[in-house]
Amino acid sequence: MNANTTPTTFQTLQLSLLMITLFLSACGGGSGGADSELASSSTADTSGSGSSPGGTGSSSGASGSSSGSTSSGGTSNSSGSSGSSSGSGASSGSSSSSEKSVLRLLISYEDIDSNCTGQCRLDYGNSSYKPARFVEVQILDQSSGQVVDTEGPLFTDAEGKVAVNLQIGQSVRIRVVASSKVDTDRGSWDVSVLDNQGSATLANYELYSVLTQEIEVVAGDIDLDLQFSSGWTGEAYSEPRLSAPFAILDSMIASAEYFTQGDKRIDLPRLKVFWSTENRPDQNSIGTSFYSDGNLWILGDENVDTDEFDDHILVHEWAHFLLDALSRDDSMGGDHGFDDLLDARVAYSEGLATALACLVLQDEVYRDTSGPTQSGGFDFNCEQNGGFVPPGWFSESAVIGLIYDIFDEVADASDGDDLYLNITQMQEILFQNMVAQSKGSAATIFSFLAASLEVASDSAAEVMDLANAKNIGTGLNAVDVLATNESNGAQDYKNAQGVETQYSLPLYTELRVNAEPVDLCQDTVHGQPNKISNRRLLFFRIENSGTYKLIVNANDASEDAREQDPDFVVYSASNLVFAAESSVPNKEETEIGFDAGNFWMEVYDFRRLDSDEIGVSCQSITLASI
Amino acid sequence: MVRMCVLVSLLSIFLSGCLDRLDSGPRNVLWSLEGQLPSSVVTGKPRAPLKLAYRLTAYEQDWFDLNISALGTTEVRRYVLSTDSSRKGRKELLVEQFNPLREGSRLGFFRAERFERLILDVEYQSGMNTRRHTFSIPVNQADRTPLETCNEPPCYSDAEFN
């Protein structure tokens with residue numbers, strides 16, 4: 001790009017909701033042909049100006065990045081900040097159809113902070129405009145409505161900037177799409193935000209996009225400052241909530257960036273995020289913000305519950321996506337909170353997701369705003385972890401505190417935390433060692449700790465000290481994936497009726513082929529269907545491939561004589577092998593062809609889990625070769 | 001503040017009187033629905049440390065009552081029940097109740113206009129803090145289906161401006 005710079009004059013156009021400031025440079029250098037340094041790429045390249053996906057906002061280039069375009073093999077080195085660069089070429093003021101101008105865009109969205117000082121709320125007085133980083137931009141020809149060929153999609157850089165050469169005299173509109181597709185040497189992601197209109201049904205929804213007014217390309221460079229507002233006008237969202245999809249998208253990008261700071265390359269599969277102002281927290285809509293099967297669903301119900309600016313929730317749900325894609329996650333989901341005693345798989349999954357939210361955002365206070373004018377909500381400190389329930393492997397708050405302490409950089413004398421495992425170690429724990437663990441166990445805090453002890457063997461004592469502080473692996477020097485010798489099963493913690501669970505330990509029971517039946521019981525003392533002791537875990541090893549019969553028989557050790565509906569599900573690592581969920585009373589049996597290897601299974605009484613009554617169900621389980 | 005408390009008290013007395021009349025005379029239940037807040041089938045973000053059971057009953061002559069009981073140990077300070085009857089998001093206060101009973105608290109209200117959901121704001125004690133959380137209870141509304149989908153993605157919402 002020609003570095004000659006000429007004076008500019010300014011003209012500002014104020015649009016009603018989308019504020020576009022149009023700076024027209026006064027035709028000094030004119031413009032030459034398409035500048036080879038201008039961006040056009042099939043995916044955004046976050047490394048264009050020295051920034052990496054791991055950094056934020058450090059790019060200095062005015063233009064978007066390039067790779068595979070006419071030019072420079074992947075990096076942009078256009079000349080600095082907007083207003084200081086111009087196109088090359090000798091024309092001065094005269095325009096012809098063959099001449100081009102440079103259109104430079106600076107795109108930002110309004111972000112609203114949350115605050116829990118006093119009452120939790122979205123703090124509309126503390127909003128700011130942040131760069132819409134790595135988002136897709138299209139140039140539409142006004143007359144044809146077609147996307148102008150820019151040799152591939154355009155994406156903004158880390159500063160929300162992108163530039164493109166356009167024919168002088170051409171009339172265009174700019175479409176900014178809530179979509180980001182990045183591929184660098186550190187990793188890749190592909191995230192889009194779509195309008196599901198309040199429905200929990202999967203369908204081909206529209207991508208959120210903002211379309212500007214018609215812009216006529218004139219001689220000289222053009223700078224456009226596009227600011228997407230939240231739509232908040234003081235008492236309500238009286239204007240379109242333009243910034244919400246971009247705020248959500250940026251949280252997804254920030255989450256991915258955090259993990260690309262490690263030494264291991266991270267490639268994330270495509271993620272669709274469904275958000276709508278009609279996404280309500282009830283069963284006629286999406287129910288809550290959640291992750292499922294590669295998709296995030298985010299609340300947007302004004303005056304009831306909106307989550308587009310609740311960064312911790314966005315990252316929490318993104319973390320579920322991450323674990324599903326690259327690590328292990330065996331949670332059955334379901335309602336959960338910091339005051340629950342949970343199934344070990346749920347406590348781990350939810351606790352890890354919240355801890356990651358605090359770590360990614362470098363903000364230890366998890367906040368969820370809701371209510372009229374978004375002026376309510378609650379918070380939870382990942383560092384201090386509240387005392388809603390006793391600590392242990394069944395407590396998501398204990399898991400949060402433990403994982404946060406392992407990875408936070410701040411030493412905390414109050415809980416003996418002077419340990420810091422870095423992001424590369426986190427990558428190894430989550431994406432390598434846990435994935436490589438025995439297929440005969442589920443992902444729980446124990447499998448996480450076992451992997452942590454492998455990766456950070458030099459810090460094993462510190463890891464166990466932190467675990468012990470949460471009453472996990474108490475008195476043990478190490479833990480294994482099966483929670484062998486775990487002694488804390490919340491046996492002394494009474495529910496509201498004064499009853500304790502008696503069936504929380506051992507976490508796993510071994511099932512041997514052609515051996516005597518294993519007797520197990522479950523209870524619903526602390527609720528159902530995903531709470532502690534609801535489902536019992538077993539593990540077994542198949543030495544010889546073949547067909548085997550698994551039988552689960554209700555037995556008379558149950559607390560009452562009611563009919564059972566025993567079910568079981570068999571897994572290899574996180575892969576479902578077989579689900580035996582018939583409604584046959586008091587018995588569940590099936591023949592399964594197994595390859596040699598390790599397996600784990602869960603056993604439960606569906607009728608017990610489907611009832612609000614507290615009770616105990618017991619079964620005898622056998623595994624026999626055929 | 002005092003004035004507000006007096007007004008609230010008067011409102012409570014008025015509503016209690018209304019409910020007494022309901023109690024005293026024959027009343028026919030038209031329909032009812034019950035559930036938990038939050039729904040136990042949903043999964044996702046951590047919920048506030050609140051778990052409630054509710055039963056909404058509709059009577060003849062546009063009378064309703066919502067029975068709420070707290071299932072956990074959290075101490076509830078106040079219920080505020082409202083509804084938004086239109087898609088404009090306009091909320092209308094129906095009834096509020098201070099210091100409700102844990103085991104069951106009845107919020108009665110008269111409502112002639114059709115409503116699609118109730119909105120329940122709950123003020124509760126969380127450690128040293130008072131926190132608020134809001135629930136949505138769907139009423140008279142079928143499952144939401146997408147209004148518009150596109151046949152050949154990608155499609156764009158294209159928010160435009162004048």
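Helix α5(A) crosses helix α6(A) in a right-handed manner. The model is a predicted one. Chain A contains eight helices and 31 strands, and 57% of its 626 residues are buried.

**Packing of α5(A) and α6(A)**

- The axes of α5 (residues 423-436) and α6 (residues 445-455) of chain A lie 9 Å apart and form an angle of about 120°.
- From α5(A), the residues Gln425(A), Glu428(A), Ile429(A), Asn433(A) and Met434(A) meet Ser447(A), Phe448(A), Ala451(A), Ser452(A), Glu454(A) and Val455(A) of α6(A).
- This contact between α5(A) and α6(A) comprises five nonpolar, four polar and two charged residues.

**Domains and fold of chain A**

- The assignment for chain A lists domain 1 (19-326), domain 2 (341-488) and domain 3 (507-626).
- The centres of domain 2 and domain 3 of chain A, taken over C-alpha atoms, are separated by 28 Å.
- Where these two domains of chain A touch, domain 2 has 15 residues in contact with 18 residues of domain 3.
- On the domain 2 side of that contact there are nine nonpolar, three polar and three charged residues.
- Of the contacts in chain A between residues at least 6 apart in sequence, 70% link residues at least 24 apart.

**Contact between chains A and B**

- Chain A supplies 63 residues to the contact, and chain B supplies 46 residues.
- Elements of chain A that give two or more residues to this side include the strands β9 (171-177), β21 (365-370) and β22 (376-381) and the helices α2 (311-326) and α3 (344-361).
- The side of chain A that touches chain B has 23 nonpolar, 26 polar and 14 charged residues.

**Backbone features**

- Asn303(A), although not a glycine, has a positive phi of about 70°; Asn303(A) lies in the loop between β19 (300-301) and β20 (305-306) of chain A.
- Asn303(A) counts as buried because it has 22 C-beta neighbours inside 10 Å.
- Gln374(A), also not a glycine, has a positive phi of about 55°, and its place is in the loop between β21 and β22 of chain A.
- Gln374(A) has 25 C-beta neighbours inside 10 Å and therefore counts as buried.
- In chain B, Leu37(B) and Pro38(B) are joined by a cis peptide bond with omega of about -10°, and Pro38(B) sits in the loop between β1 (29-37) and β2 (52-59).
- The peptide bond from Pro153(B) to Pro154(B) is also cis, with omega near 5°; Pro154(B) belongs to the segment after β8 (129-138) of chain B.

Technical notes
Residues numbered from 1 in each chain as written. Chains lettered and ligands numbered in written order. Predicted model: local features only at pLDDT ≥ 70, side-chain atom pairs only at ≥ 80, totals over all residues. Contact = placed C-beta atoms within 7 Å. Helix = DSSP H or I, 4+ residues; strand = E, 2+ residues; numbered from the N terminus. Nonpolar A, V, L, I, M, F, W, Y, C, P; charged D, E, K, R; others polar. Domains from an automatic or database assignment. Axes fitted to C-alpha atoms, helices over the stretch in contact; angles between N-to-C directions. Left-handed = near helix turned anticlockwise from the far one by under 90°. Buried ≥ 20, exposed ≤ 12 C-beta atoms within 10 Å, placed from the backbone.
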